[in-house]
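Subject: Structure handover

Hello,

Here is the structure we spoke about, with my notes below it. Please read the notes alongside the coordinates.

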Amino acid sequence: MTNIVNVDDVQVRIAETIKVHPIVLFMKGSPSRPQCGFSAAVVQTLAHYGVPFHAVDVLADPSVRQAIKTFSNWPTIPQLYVEGAFIGGCDIVLEMHKTGELAEALGIHRAAAAS
């Protein structure tokens, strides 16, 4: 029996994950053990804000690794989602951090985490 992955099922799983969790990071590795420098940089940036986030290790599931690129129409990983909206990859997250836009996007979560 072959192991065929239904692409639609994976897309639904991704959409559900983004819907259920306010902040989702699709990354290589885990927050405690990132497997690439770009994923590590985004984890470190989110840690700076002290916001809780849900991480999805795309290396653990090759179908998710490919499907997230199709889902977002973005070719690289990591990918950050906040309140269901695609924020971007590492370069965009770091740029938004520098300009203060990321703090604004995460502000609601920082306030919730503090209470």
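A word on terms before the notes: contact here means heavy atoms within 4.5 Å. Helices (H or I, at least four residues) and strands (E, at least two) are DSSP runs, and they are numbered from the N terminus. Axes are lines fitted to C-alpha atoms, for helices over the stretch in contact, and angles run from 0 to 180 degrees between N-to-C directions.

The model is predicted, with local features needing pLDDT of at least 70 and side-chain atom pairs counting only at pLDDT 80 or more, while totals for chains, interfaces and linings use all residues. Residues are numbered from 1 along each chain as its sequence is written, and side-chain values use heavy atoms, with hydrogens and water left out.

The sheet

Four strands form an open sheet with mixed pairing, in the order S4-S1-S5-S6; two strands pair if DSSP finds at least two bridges between them. The edges are taken by strand S4 (54-57) and strand S6 (85-88), each with a single partner strand, so one side of each has no neighbour in the sheet. On average, and with direction ignored, neighbouring strands of this sheet are turned by 25° against each other.

Strand S1 (residues 23-27) runs parallel to S4, and 4 bridges join the two. Within that pairing, Phe26 has Val56 of S4 as its bridge partner. S1 also pairs with S5, in the antiparallel sense and over 4 bridges. Here the bridge partner of Val24 is Tyr81 in S5.

S1 is mostly covered, with 5 of its 5 residues buried (buried means under 20% relative accessible area, exposed over 50%, partly exposed in between, with a 1.4 Å probe and protein chains only). The cover is on both faces: Ile23, Leu25 and Met27 are buried on one side, and Val24 and Phe26 on the other.

The helices against the sheet

Helix H2 (residues 37-49) lies across S1 and strand S5 (79-82), and runs at about 160° to S1. Helix H4 (residues 90-99) lies across S5 and S6, at about 85° to S6.

Two packed helices are described by the angle between their axes and the distance between the axes. For H2 and H4 the angle is about 30° and the axes are 9 Å apart. That makes H2 roughly parallel to H4; angles under 35 degrees count as roughly parallel, over 145 as roughly antiparallel, 65 to 115 as roughly perpendicular and the rest as oblique. The crossing of H2 past H4 is left-handed, meaning that the near helix is turned anticlockwise from the far one by less than a right angle, whereas clockwise would be right-handed.

On the H2 side the contact is made by Phe38, Ala41, Val42, Thr45, His48 and Tyr49, and on the H4 side by Cys90, Val93, Leu94 and His97. By class, the contact of H2 with H4 has 7 nonpolar, 3 polar and no charged residues; Ala, Val, Leu, Ile, Met, Phe, Trp, Tyr, Cys and Pro count as nonpolar, Asp, Glu, Lys and Arg as charged, and the others, Gly among them, as polar.

Two buried helix residues

Val43 is placed in helix H2 and is buried, with a relative accessible area of 11%. Leaving aside neighbours within four places in sequence, Val43 is in contact with Leu25, Met27, Pro31 and Phe53. Val43 and Pro31 are 12 residues apart in sequence but 6.0 Å apart in space, C-alpha to C-alpha.

Gln11 lies in helix H1 (residues 7-20) and counts as buried at 17% relative accessibility. Not counting residues up to four places away in sequence, Gln11 touches Ala67, Thr70 and Phe71.

Backbone points to check

Ile77 and Pro78 are joined by a cis peptide bond, with omega about 20°. Pro78 is in the loop between helix H3 (62-72) and S5. Asn73 also lies in the loop between H3 and S5; its phi is near 60°, a positive value in a residue other than glycine. At 67% relative accessibility, Asn73 counts as exposed.

Glu83 is in the loop between S5 and S6 and has a positive phi of about 50°, although it is not a glycine. Glu83 is exposed, with a relative accessible area of 53%.

Regards
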